Amino acid sequence: MILALVVFGIAGLAPLAVMFTSITPADLVGIADDRTLSLLLRTLTLGLSVAALAFVVGLPFGWLVARTDVPGASWLRPIGLIPLLMPSLVLAMSWAPLTDLRGAPAAILFLAGATFPLVALLSARAFERLDARREEAARLAGGLPAVLRMELPLVLPAALVGTCLAFAFAVNDFAVPDYVSSVGPKFNVYADEVFFNWRDFEQPGAAIASALPLIALSLFALLPVLALRRKGAFATLDSHFVTPARLALGKWRLPAFLFCFSVIALTALVPLGRLAWEASGGPRVWSDTAIAAELGHTPPEGETTQTSIGALIQVLPAFAEQQWSNLRSAFGLALERSRSDLRNSLVWSAEAALACCVLGLLLGHAIERARSRILGRTLELFSLLPLASPAILLGIGTIVVWNHAPTADFYESGGMSVLLFIGRFATFAILVLSGATASLSPTLEEAGALSGAGPARRMFSIVAPSLRGSLVACFILVFVFSMRELDAALLVPAANKTAILRVFNGVHFGRDDYVAALTLLLVFAILLPGLLWTIFARKRLEILP
Amino acid sequence: MTGCLIEIHDLEVSIDGKLILGPLDLEVKATEYVCLLGHSGSGKSTLLRTIAGLQKATSGSIKLGSEVVSESGRERVAPEQRGIGMLFQEGALWPHMSVEKTLLFTLGASGVPKAERAGRVTELLSAVHLPGFEKRKPATLSGGECQRVALARALAPKPRLLLLDEPLGPLDTAMREELCQSLSELHEQLGFTALHVTHDPSEAERLGARSLRIENGRLLEPNA
């Protein structure tokens with residue numbers, strides 16, 4: 001337990017603590033200047049807009065796939081999670097070439113697309129946990145409208161938890177606003193400000209001072225999450241729970257399906273399709289010039305050609321073959337150039353996930369079973385800090401703590417990346433496993449204690465096996481987030497050798513087929529553990545209690 | 001048969017291809033109180049849910065009054081339009097609503113004009129012997145009180161048929177006696193038709209009801 005606290009302290013809290021102590025009064029002066037305040041307002045607007053959109057899309061999506069007879073609910077639901085699992089940068093980089101949308105609207109839409117699954121996931125879970133008899137009582141009183149009116153207040157806390165998380169993700173995101181700025185007019189947000197204060201001036205004090213309002217904003221969004229969690233926002237189950245049947249939508253089935261399909265098409269299928277198209281050299285292969293050349297019609301210089309449908313059909317077999325060949329070479333190149341980056345991402349993420357499972361089990365259990373309520377709450381609040389702080393800040397803090405001569409070897413090693421990921425994502429493991437512990441009857445452990453099992457034995461022989469589903473979910477959650485981590489990894493040299501960093505550099509410096517292929521490989525690697533679990537375990541992951 | 005509120009013919013209910021109920025015929029007169037006795041899994045609750053329209057029938061017909069509500073596997077009338085109140089096991093009260101809000105919500109959903117609702121809440125609470133419980137939430141009520149609130153909720157839209165799914169199951173003996181008494185009184189006062197599912201034959205005796213026994217989805221004493 002003490003070892004777990006020490007590891008979490010070193011990985012997640014020490015970098016932040018060091019940053020806080022480096023603030024000088026001069027650094028604080030800058031917080032209130034006009035530029036900073038306008039950035040704060042812009043970031044707040046971004047966060048609120050993303051949260052509102054995520055709520056408006058996520059709540060009905062969650063209800064439809066979890067509780068109604070919408071066609072294809074069984075596959076719409078897992079596919080709906082893909083945008084959350086993919087790096088948000090992927091959504092931005094695949095949509096940007098397809099639309100003229102730039103600046104704030106683009107950043108809002110891309111981030112809402114990436115975060116709506118948070119609301120959908122939590123709402124779906126809450127909708128599933130409404131007792132069938134309560135729902136039937138409402139149905140007898142006034143049909144589907146009465147059911148919805150009765151259920152919404154019960155589900156709203158869970159949906160708001162998802163919305164708060166979407167807000168926290170959006171205000172801390174660096175990659176999407178940075179990418180949007182690189183393809184259109186500059187769209188500065190607070191995370192940029194923190195990054196540039198560090199990069200341009202190497203002033204940790206200025207960086208943390210400029211991050212303070214962002215931390216306050218994130219805590220403002222995350223504290224209600226804890227409060228709602230305590231109130232049982234995630235679960236309305238009781239001991240005599242009866243699973244509700246799916247509600248019949250009648251004539252609304254088709255429109256409901258079209259809504260759900262549009263959402264996953266826009267946020268998952270189109271981005272992945274676009275990447276596959278790019279990886280196969282689609283934009284180059286199907287250019288008007290290439291078609292004309294294939295058909296032997298070379299237009300006079302300065303003239304453009306209009307391609308007919310007939311011409312497209314004529315060149316289809318040759319171009320399809322060419323695309324297939326391009327696709328294979330793009331993947332071959334991606335594997336050749338980035339094999340070690342992909343391996344680093346996989347190994348470091350798996351190691352961080354494993355470590356977080358142990359940390360989460362010990363600290364999550366401590367939060368729930370602490371003899372002193374205040375101690376439990378304090379531990380919970382501290383565990384929230386790394387998530388509430390911008391990842392960029394954790395990255396800078398890690399540099400400040402570890403970039404010294406005595407620790408130089410470790411600072412350059414893969415262990416540094418693993419520690420960085422642990423610091424960044426242990427919060428998820430702690431929150432998931434404290435929630436899971438809360439749903440476990442204390443009598444199980446009391447029975448173990450009475451039969452003579454010590455704390456360690458009870459933890460690993462009684463608690464851990466009972467929370468197996470949640471532990472697997474924790475592993476996958478931390479693995480996925482570590483694989484897609486960009487903001488903190490951008491700063492720490494050891495963590496630069498990952499696949500997502502390769503993609504980030506690729507989209508900024510000469511995007512080509514290879515970058516698209518590498519991105520697809522990365523997305524596949526991110527989704528792999530979840531896919532394997534779904535296929536072989538045939539059991540749902542217990543991320544929520 | 002005239003004066004029948006429920007007429008069921010050749011009713012069959014299959015779930016996942018397995019026949020759970022039927023073939024079954026049943027007739028219940030208007031204002032009659034009928035108890036359905038049977039062991040767990042005999043199909044009692046499925047019959048109630050099928051009459052209410054919460055479970056789809058596979059074949060056969062259900063007629064409520066002069067209206068065929070279900071025929072040959074087609075649900076002709078939606079559950080909320082059948083004029084049915086249902087008392088669920090353990091009440092199934094909405095945890096986030098006070099007693100008053102629960103009743104106001106039900107009255108509103110069933111189309112009672114707003115001006116009449118407050119008066120009806122008082123009437124209903126007095127009928128189930130719970131005056132003064134308006135602001136209480138389900139978590140603060142005893143098992144018996146929960147069932148009384150659930151009974152008030154089921155009676156709120158003035159249903160022609162009340163379905164009771166083992167309503168006394170979770171209660172202790174004293175509370176059972178009290179609720180049985182209340183049910184008898186209310187049945188006499190309001191004159192609704194009731195179909196009451198239980199596995200306890202003494203409940204039927206206390207309620208002075210006609211008893212029918214159901215086993216493996218079939219009625220053993222049809223229209224006795």
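How far is the sulfur of Cys4(B) from the closest cysteine sulfur? The closest one belongs to Cys35(B), and at 18 Å it is too far for a bond. Cys4(B) is also buried, at 9% relative accessibility; here buried means under 20% relative accessible area, exposed means over 50%, and partly exposed lies in between (1.4 Å probe, protein chains only).

A disulfide is a covalent bond between the sulfur atoms of two cysteines. In this report, a pair of cysteine sulfur atoms within 2.5 Å counts as one. Searching the whole structure turns up 0 disulfides over all chains. Cys474(A), for example, is in none, and its nearest cysteine sulfur, in Cys357(A), is 5.2 Å away. With a relative accessible area of 1%, Cys474(A) is buried.

## How to read the model

This is a predicted model, in which local features need pLDDT of at least 70 and side-chain atom pairs count only at pLDDT 80 or more, while totals for chains, interfaces and linings use all residues. Residues are numbered from 1 along each chain as its sequence is written, chains are lettered from A and ligands numbered from 1 in the order in which they are written, and side-chain values use heavy atoms, with hydrogens and water left out.

## Two domains in chain A

Let's turn to chain A. Domain 1 covers 1-21 + 314-545, and domain 2 covers 49-187 + 214-237 + 246-270; these bounds come from an automatic or database domain assignment. Taken over C-alpha atoms, the centres of the two domains are 23 Å apart. Where they meet, 38 residues of domain 1 are in contact with 36 residues of domain 2, contact being heavy atoms within 4.5 Å.

The size of an interface is often given as the accessible area lost when the parts come together. Domains 1 and 2 of chain A bury about 3,200 Å² between them, and 69% of that is on carbon and sulfur atoms. This buried area is the accessible area (1.4 Å probe) that two parts lose on being put together, summed over both. Between the two domains there are 0 salt bridges and 3 residue pairs in polar contact, both residues at pLDDT 80 or more. A polar contact is a pair of N or O atoms within 3.5 Å; within protein, one must be able to donate a hydrogen and the other to accept it, and residues adjacent in sequence count only if both atoms are side-chain atoms. On the domain 1 side, the helices that each supply at least two residues include H15 (309-369), H16 (373-388) and H24 (513-537) of chain A. Helices (H or I, at least four residues) and strands (E, at least two) are DSSP runs, numbered from the N terminus.

## Around Ala391(A)

Ala391(A) lies in helix H17 of chain A and is buried, with a relative accessible area of 0%. Not counting residues up to four places away in sequence, Ala391(A) touches Arg424(A), Glu485(A), Asp487(A) and Ala488(A).

Two of those neighbours also pair with each other: the side chains of Arg424(A) and Glu485(A) form a salt bridge (3.4 Å, N to O). Arg424(A) is in helix H19 and Glu485(A) in the loop between H22 and H23 of chain A, so this pair ties together parts 61 residues apart in sequence. Arg424(A) is buried at 12% relative accessibility, and Glu485(A) is buried at 7%.

Side chains of opposite charge can pair when their charged atoms come close. The rule used here asks for a side-chain nitrogen of Lys or Arg within 4 Å of a carboxyl oxygen of Asp or Glu. Over all chains, the search finds 21 salt bridges.

In chain B, Glu178(B) and Arg148(B) meet in one of them (3.2 Å, N to O). Glu178(B) lies in helix H5 (residues 173-190) and Arg148(B) in helix H4 (residues 143-155), so the pair links parts 30 residues apart in sequence. Another bridge joins Arg176(B) to Asp200(B), with the closest N and O atoms 3.3 Å apart. Arg176(B) is in helix H5 of chain B, while Asp200(B) is in the loop between strand E9 (193-198) and helix H6 (201-207). Back in chain A, salt bridges that share partners join Arg67(A), Glu135(A) and Glu151(A) into one network.
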